[in-house]
Amino acid sequence: MLASILASGLAAGAIYALVGVTYNTMFSTSRVMSFTAGQLAMLGGVFGSMFTLKLGLPAIAGFVLTLLGCALIGIITEFIAVRPVLKSLDQHLYVLSTLAVALMIQQVAAIKWGTEPQPFPRLIGWGSGVTDEKFWLPVLACALTILGLEYLYRRTLVGRAFLAIAEDNFAARALGLPERNLRIASYALAGVIGGVAGFSGGELLLAFFANGALLNFYGFVPVALGGLGNNRGAIIGGLALGLFQQAANFMVGGIFSSVAVFTLFIVVLLTAPQGLFGASTARRV
Amino acid sequence: MTAVATVPPRDDTGAFRAALPHLAPFLAVLAAALILPLVGNDYWALIGTRMAIYWVLVSGLNLVVGFAGHLAIGYVALLTLGAYTTSVLVAGNVMPPLPVFAALPVAACVGALFGVIVGLPALRLRTFYFAMSTLGFATIVTQIALAWQSVTGGGIGIAGPEFPAPFNTAWGFYFLCIAIAAFTTWLSANVARSRYGRALIALRDAEVAAEATGISKPKMLIAIFLLAGACAAVAGGLFASLQTYITPDAFTFDLSILFFIAILIGGRGSILGPMLGTIILTILPEIAAPLAAWSTFLYAVLLLVIVLVMPGGIAALLDFRNRRPLAANRAIVPRPTALADIMRKSAGERTLALRGIVLSFGNVRAIDGLDLDVAPGQIHGLIGPNGSGKTTTLNVISGYYAAKAGTMTLGDNALPPGLPVLRAARGIARTFQTPRVIGEASVLENVMIGGSIEGRASFIEAMLALPRNRYDERVLAAKARALLGVVGLEALADVRADRLQHSELRFIEIARALMLDPDFLLLDEPAAGLSNDEIERLAELIKAISARGVGVLLVEHHADLIFDICHYVTVLNLGRTLAAGTPADIRVHKEVVSAYLGG
C-alpha cells in the first residue's frame, strides 16, 4: 500500500506542482493570479488525446502541437484578460476577467470535446503496477521542467530579464527591458508548462473537461502553501499535497481526502496567509 | 457621546415621497410578477418561480459580493446544502419527518451557520484566495452529497419537499416564491440602506478609514454571512421543491456562475441592478433555446465585457443623477461659526501623552524615543523633513502600528498599542495623507460613515427597519448635512464622491472625522494640494474645531500654516525630537532653521 501511496501521491503531486508553477509564471511578470492555470493543464490532456488518438499523430508531434496550442491560449489570455486590467491592479478585476476566460475555455472544451472523460494513449509503454509510466511520467516531466526553468532563469538573458521584471517592474522598465513582450512570453511559457502538466498527467487524469476546475484548486493549494511566486515552495507544496491527498485517499476514502485537503488549505491560509515560504505583506497606511 | 444637533421630526409622507423614485422600479418588477399569471402559461410559471428562487439567494449574496466586495464564487454549495437539508428533514431520513414549513427555517439556520464557516476565511483573505476557498467548498459539498448515500441517496438522489395546498400548484408555488423573494429584497434593502450597508462599502473601498471610524470588520462580515447563508439555504429548499427530485448533478457550478455574474452585471453596491441581472440571466437561455448549451459561455462573455467595458454594471447605466455635470468653478466656503451648534463641546480634561515611543522597520528606527503631549483645545503642530516620522507618529497613535517601546496615555488611562478599531470609541479621529473616501458612495454617505459607532440599532433592528434604526438614520443624516455645511460642501451632498476634486476630498475627510465629536483630531497634511485661499479657510476651520475643546495634532509641510495657528510645535528629525516649543521659539531655533526651514 505504501508503494501505491508513494507512486500515485508523487504523480498527482508533480501535476499539482506544475500547475502551481504555471500560476507563478504568470504571476511573476504581471502580478496577476489567473484562473486559467488549471484550464491550461486540462487542455494539455485534451489536446494530447485529440492529436494522438483522434488524429493519429505520432506522440512527439502530438506533444509539440499540444504545447503550441497551450502557449497560444496563454498568449490569448494575456491579450484579452490581463493586459486591459493591469492599469487598475488594485481593484482586482483580473480575478473576474481571468475567471471569464477560464469559463469560456471550459465550456468550449465541454461542448466540442464532450463531457465524458476520454482515454489518453500510452506514450512509451514502460513499467507496470506502481512503476507504470502513468506514475513516473509526471514526476519526470516535473523534474525536467524545473531543470529547464533553472537553466532559463540562471543562464539565459531572457530568463534574467524575467527575474528582473518579477523583482521590480518599474526598475526593469526604467532599464529599458521590453516589459510587454516579456509578459507575453511568460504567458506563453506558462501555457507550455501547463501543457506539459496535462500531457504528462494525461494517462492518470484522462482527457476530461472538468479537470480544469479541479486542477485550478489543487494547483493553487501548493501556491498558497509555498507563497506567491515562489517556485521552490510550489514544488515542495505540490508534492506534499499529492502525498497527503493520496495517503488520505487510501486510508479514509476519496471523499474525506478532499475534505482533508480543503481543511488543510483553509488552516494554512488562516495561520500563514503569506504561505509557509513567502515574505510578509506591504504596509497599509 | 450625544449629538447636540437637533433631530428632525418624523415626516413619513415626505420620506415616502423622497423614496418613491428609488422604490418605483421595485414596485414595477413586483407588478410585472403579479401580472405574469394573467398572461403566462405553466411554462412561464416555472421560469418565474426559478427567477424568484435565484433572487432569494442572490439578494443575500449581493451583500457579500456587491457591498462587501468579497468574491464568493461558490455559493451553489449553500444552495445544495439548503436543498438537501430541507429534503432530508421532510423525508425523515435521519429523524421523524418535519412539515416543510418547519424544515425551511431549520435549513435557514444550517445555511447561516455554514455561510459563516465558508465566509470566515474572508476575514484574513482577499480576492483570489477567498474566491478559491469558496470554489473548494463548492466541490466538497457535491462530493459529500454523492458519498453520504444513507442520508442523501447518493447519485440516485432524494425527493424534494412538497408544499401543502394552496402552494402545491404551479402558480400557488410561484406566489409563495415571489412573496419570499419580496421579503428577502426588503431585508437586504434595509441592511443596504442602514449604517451597516454603508460600513460594508467602507470596508470594501476604504478599509483603513473604516477601521479609524471604529467599524469592526469581523462583526460586519459575520452578520452578512449569516444572512446570505440563510437566504441561500431557503432558496435551496424552494429549489428542491421546484425540481421535485434532486441529485448532486442538479447543482452544477454553472448555477454559481449565474448568481455571481448576475451581481456583477447588475453593478456593485446596488440592489435593483443585481435583481435585473438575475432576471436577465434566467430568461436569456429560455428565449434563445438553441443557445441553451452555450449559456455558461454567454455568461462568461458577459462577465468579460462588463469587467472591461462597463465596470459599473446596470446600476451605473441607470444612475442618471450622477451624469449631470457639476459646476466647474465651485469654491469651498466653510462656515466654521456653525460648528458651535453642531458639535458637542469636548469635556477637555484629558491630555493625549506619548512617552519614549520607539518603532523600527527592520533596522530603520522610524521613531526613536518620542515624547509628545496633545492638550485639549490646543493645536499641536508636528513638522519635520520627509522621513522624519510624522505620519508614523499618527499611525502609532491611531493604532495602525504598535510601538516597540514607550507608553501612550489618554488622561489617566493607558491607550493600548495597535487596535485601530478601538480608537474611535476613545474619541480619537483622523484624516489621511491621501484622502481615503469611498468613491462610489455619495458625499453625504461618506460623512455619515464617520458616525458609525454612534448608531444604537443592532443589525437585526436595521434589517427589519425598526424605529431605533430609523432614528439613527435621521440623526446621522442631519448631523452629516450640518457638518457638510460647516466645511462648505453641502451643495455636493448627493454627488458621488469620486467626481469631486482633490481639495474637496480633504474637507470631506475632516467632516467625516468631526462626526465622532472627537476629543482629539489627527490631521495628516490637510493643506497638501490646496490653493492659498483654501488654506486660509482651512486655518479658520481648524481654529474653530480646537475652540470646541478638541486637541488637534497637525502634521503639515506648510510652515506658514503651522506658525499661524499652532499653540505648540514639535519638530522631528530622523524619528527624534529636534525641538519643541511655541511657534515663536521654533522660528528662531538655530538647528530647525538650518535643518528644515532654511534661512
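How many helices and how many strands are there in chain B? I looked this up and found 24 helices and twelve strands, where helices (H or I, at least four residues) and strands (E, at least two) are DSSP runs numbered from the N terminus.

I noted that this is a predicted model, in which local features need pLDDT of at least 70 and side-chain atom pairs count only at pLDDT 80 or more, while totals for chains, interfaces and linings use all residues. Residues are numbered from 1 along each chain as its sequence is written, and chains are lettered from A and ligands numbered from 1 in the order in which they are written.

I then looked up the overall form of chain B: its radius of gyration, taken over C-alpha atoms, is 28 Å, close to the 25 Å that the globule rule (2.2 Å times the number of residues to the power 0.38) gives for 599 residues, so chain B is as compact as a globular protein of that length. Along its principal axes the C-alpha trace spans about 90 × 50 × 40 Å.

Next I checked burial, and 52% of the 599 residues of chain B count as buried, meaning 20 or more other C-beta atoms, placed from the backbone, within 10 Å of a residue's own. In helix α8 (residues 195-205) of chain B, ten of the eleven residues are buried, among them B:Tyr196, B:Leu200 and B:Asp205.

Last I turned to the contact between the chains, which takes 33 residues from chain B and 31 residues from chain A, two residues being in contact if their C-beta atoms, placed from the backbone, lie within 7 Å. On the side of chain B that touches chain A, α5(B) gives the most, with 14 residues.

Methods
Buried ≥ 20, exposed ≤ 12 C-beta atoms within 10 Å, placed from the backbone.
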